Amino acid sequence: MNNKAKRMSAAGLLIAIGIVYGDIGTSPLYVMKSIVEGNGGIGNVNRDFIIGSISLVLWTVTLLTTLQTVIIALKATNHGEGGIFALYTLVRKRAKWLVLPALIGGAAILADGTLTPAVTVTTAIEGLKGLNFGGNVPVSTQNMVIAITVVILLVLFSIQKMGTSIIGKAFGPIMFLWFTFLGVMGVMNMAGDWSILQAINPIYAIRLLVSPYNKAGLFILGSIFLATTGAEALYSDVGHVGKSNIIGSWPFVFVCLSLNYFGQGVWILNNPTYRPADGGVLNPFFEMIPANIRLFAIILATIAAVIASQALITGSFTLVAEASGLKFLPRMNINYPSNEKGQIYIPSINKGICVATIAIVLYFQTSAHMEAAYGLSITISMLMTTILLYEWLVMKKGNTVWNWIFLIFFGVLDIMFMISSLTKFTHGGYVSLFIAGAIGFVMYVWYYGNKVRDKREARNAYVRLDEYTDMLTNLSHDENYPTYATNLVYMANVKYNKFIKREILYSILDKRPKRAKAYWFVTVNVTNEPFTAEYAVNTYGTKNVINIQLYLGFKKQTSVNVYIRQIVHDLIADGTIEAQPQEYTTTPGRDVGDFAFVIVQDVISPQTQLVGYEKWLVEARVRLQNLSSNPASWFGLEYADTIIERIPLILGRPNPSYIKRIKPKDYSNAKTK
């Protein structure tokens with residue numbers, strides 16, 4: 001989306017409502033249910049408890065979403081992009097340790113991407129349970145709810161590869177209808193008791209925390225926090241819709257959410273002895289809706305849940321792509337289903353989230369159990385964001401007192417919510433922490449493994465390519481060596497048009513001299529435009545050593561073998577390189593020879609002198625590299641003659657080993673049997 005499209009407009013506001021608020025917009029499905037159930041059920045709540053709970057919800061959303069995220073965090077963008085990694089990019093030069101909150105927060109948000117689809121879709125489908133249609137009850141058991149949920153999730157994940165450019169256009173109107181529906185249902189129920197508006201007064205929220213009617217005490221905040229999950233999506237998606245459209249649409253969303261919580265509160269107070277017909281867990285959201293439109297509400301809630309899940313999934317793709325760019329994660333295959341760079345699809349991540357989400361549904365079985373795991377990882381990410389935001393405020397040289405007030409106030413809030421959510425650990429919270437921990441471990445190993453490798457690698461890791469052109473040219477014409485390939489192509493990142501990894505030249509000259517008609521060193525640069533297809537050539541005054549810089553749009557297929565054939569033909573035609581006439585060929589007049597593509601990967605050399613923690617870290621990083629996607633697929637070389645060549649990586653200063661020469665033993669007087 002260009003800058004003009006990101007300015008506030010009716011269309012921009014509608015798009016923001018459709019893309020940004022899916023997660024926080026489905027919170028009314030389960031927040032009040034979790035609060036009431038956490039206090040022992042509807043029979044154990046009274047007016048003070050309900051008003052206090054709603055007051056806590058409203059002020060939590062006001063402080064954490066409106067104040068911290070919309071008013072403060074949206075100012076901290078990196079070229080218009082938001083999110084924890086964009087924020088880290090802004091402040092990383094201030095201190096090396098700031099990478100830790102970025103890694104922890106990013107891992108926690110990715111873990112949330114597996115929980116949100118499970119919770120929201122299951123909760124929506126549970127609305128069908130026990131519902132009577134013409135004397136029949138199609139969904140009568142929780143197993144049927146789980147089966148329908150799994151099918152919906154499988155369909156959702158299977159369509160990711162097609163992109164969301166088409167269905168995404170419908171998100172705005174649907175979510176606008178959803179929020180309007182939330183507000184209307186809230187007002188209809190509020191009409192029975194307008195005094196519920198007392199919850200606007202924060203004193204009721206404070207009283208509830210120490211009230212004897214609140215059996216959970218301070219730990220009720222674990223359920224309250226569910227109302228603000230999704231606040232991080234506001235910040236992460238600012239690059240897609242623009243901060244002005246988020247700021248302009250948030251008041252409408254906030255009002256609709258607030259009205260719905262008010263309405264649920266009135267319904268609970270007016271139905272103190274209500275019990276669900278199926279004997280399951282009470283959900284005030286569905287119960288307050290008139291029976292004649294209940295089915296419509298469930299369908300709309302399900303669609304909203306799917307949209308919320310879609311937003312989290314695509315957000316996870318963006319987060320992973322950013323993490324790869326920051327060298328927090330290995331390089332992965334990224335597809336661009338549409339002409340917008342922000343619309344990406346990562347097959348391996350899609351499969352991973354799909355498996356994890358369905359596993360969560362099958363493991364927890366009910367939304368009530370899933371809510372126990374939900375929210376804990378997000379409290380951690382919000383605390384990490386607060387730390388990075390404080391560093392950004394300091395960097396902007398704002399008022400020191402206000403900076404400290406920000407850190408202390410929001411830091412204490414985040415810690416309170418995190419401690420409250422930790423009570424969920426044994427009830428399912430360990431699942432979200434396990435997922436976040438696993439992701440964080442991978443990020444830590446990859447990032448710090450690279451750091452150790454770069455720090456300990458030989459001093460001359462890079463050499464000047466132009467200093468080896470004579471040697472390569474001589475090898476190209478040396479008939480004492482058999483021809484390895486007419487065109488030997490190395491996928492290499494040539495820096496500043498001349499610096500190349502020593503291991504590349506080691507592969508050509510030292511490992512086994514590889515004679516070729518032409519040596520190609522190809523660097524692929526991805527541009528911000530969708531269909532760029534350009535290349536630049538530097539031959540260093542030779543006809544045998546060619547540095548190619550490919551500039552390909554993010555939408556352009558990275559088929560290096562196709563492009564290189566055209567480039568060879570072009571350079572032969574204009575005399576830049578030597579001709580490659582083919583005597584044996586099925587194609588008359590063929591003037592381009594054969595190709596061999598080489599991709600160099602590191603392996604740890606036995607001579608590496610690293611010990612202990614550093615050795616383990618680098619070895620773990622290399623294992624991750626070998627487990628990641630096939631490097632040939634990054635460049636579209638799956639069907640080309642491609643060699644993945646492993647070069648020993650020597651880290652540290654190896655101690656020279658000497659062996660002493662001695663005379664052969666004299667066996668002349670030995671007796672034979």
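This section describes the salt bridges, aromatic contacts, strand pairing and cysteines of a predicted model.

Side chains of opposite charge can pair when their charged atoms come close. The model contains 5 salt bridges. In one of these, R47 and D193 approach to 2.9 Å between N and O. Because R47 belongs to helix 5 (residues 47-72) and D193 to the loop between helix 9 and helix 10, this pair ties together parts that are 146 residues apart in sequence. R47 is partly exposed, at 31% relative accessible area, whereas D193 is buried, at 17%. A salt bridge also joins R94 to E391, with 2.8 Å between the closest N and O atoms. R94 is partly exposed, with a relative accessibility of 41%, while E391 is buried at 10%. A network of salt bridges connects R464, D466 and E467.

Aromatic pairs number 20 in the structure. The ring centres of F181 and F296 lie 5.7 Å apart with the planes at 75°, so this pair is edge-to-face. Since F181 is part of helix 9 and F296 part of helix 16 (residues 294-325), the contact ties together parts 115 residues apart in sequence. F181 is buried, with 8% relative accessibility, and F296 is partly exposed, with 43%. Elsewhere, a single aromatic cluster is formed by F85, Y88, F328, Y444, Y447 and Y448.

The loop between helix 9 (168-190) and helix 10 (202-209) also carries W194, which is partly exposed at 46% relative accessible area. Together with V187, L197 and I200, W194 makes a nonpolar surface patch of about 360 Å².

Strand 2 (residues 483-491) has 7 of its 9 residues buried and is therefore largely enclosed by the rest of the structure. Strand 2 runs parallel to strand 4 (residues 515-527), to which 7 bridges join it. In this pairing, L488 stands opposite Y519 of strand 4.

A disulfide is a covalent bond between the sulfur atoms of two cysteines. The count of disulfides in the model is 0. Among the cysteines, C256 is buried at 6% relative accessibility, and C354 is likewise buried, at 13%.

Key: Residues are numbered from 1 along each chain as its sequence is written. This is a predicted model: local features need pLDDT of at least 70, side-chain atom pairs count only at pLDDT 80 or more; totals for chains, interfaces and linings use all residues. Side-chain values use heavy atoms; hydrogens and water are left out. A disulfide is a pair of cysteine sulfur atoms within 2.5 Å. Buried means under 20% relative accessible area, exposed over 50%, partly exposed in between (1.4 Å probe, protein chains only). Helices (H or I, at least four residues) and strands (E, at least two) are DSSP runs, numbered from the N terminus. Two strands pair if DSSP finds at least two bridges between them. Patches are made of residues with over 30% relative accessible area and no salt bridge: like charges are joined within 9 Å, nonpolar side chains (Val, Leu, Ile, Met, Phe, Trp, Tyr) within 5 Å. Accessible areas come from the Shrake-Rupley method with a 1.4 Å probe; for residues, only the protein chains shown count as cover. A salt bridge is a side-chain nitrogen of Lys or Arg within 4 Å of a carboxyl oxygen of Asp or Glu. Rings of Phe, Tyr and Trp (its six-membered ring) pair if their centres lie within 6.5 Å; planes under 30 degrees apart count as stacked, over 60 as edge-to-face and the rest as tilted.
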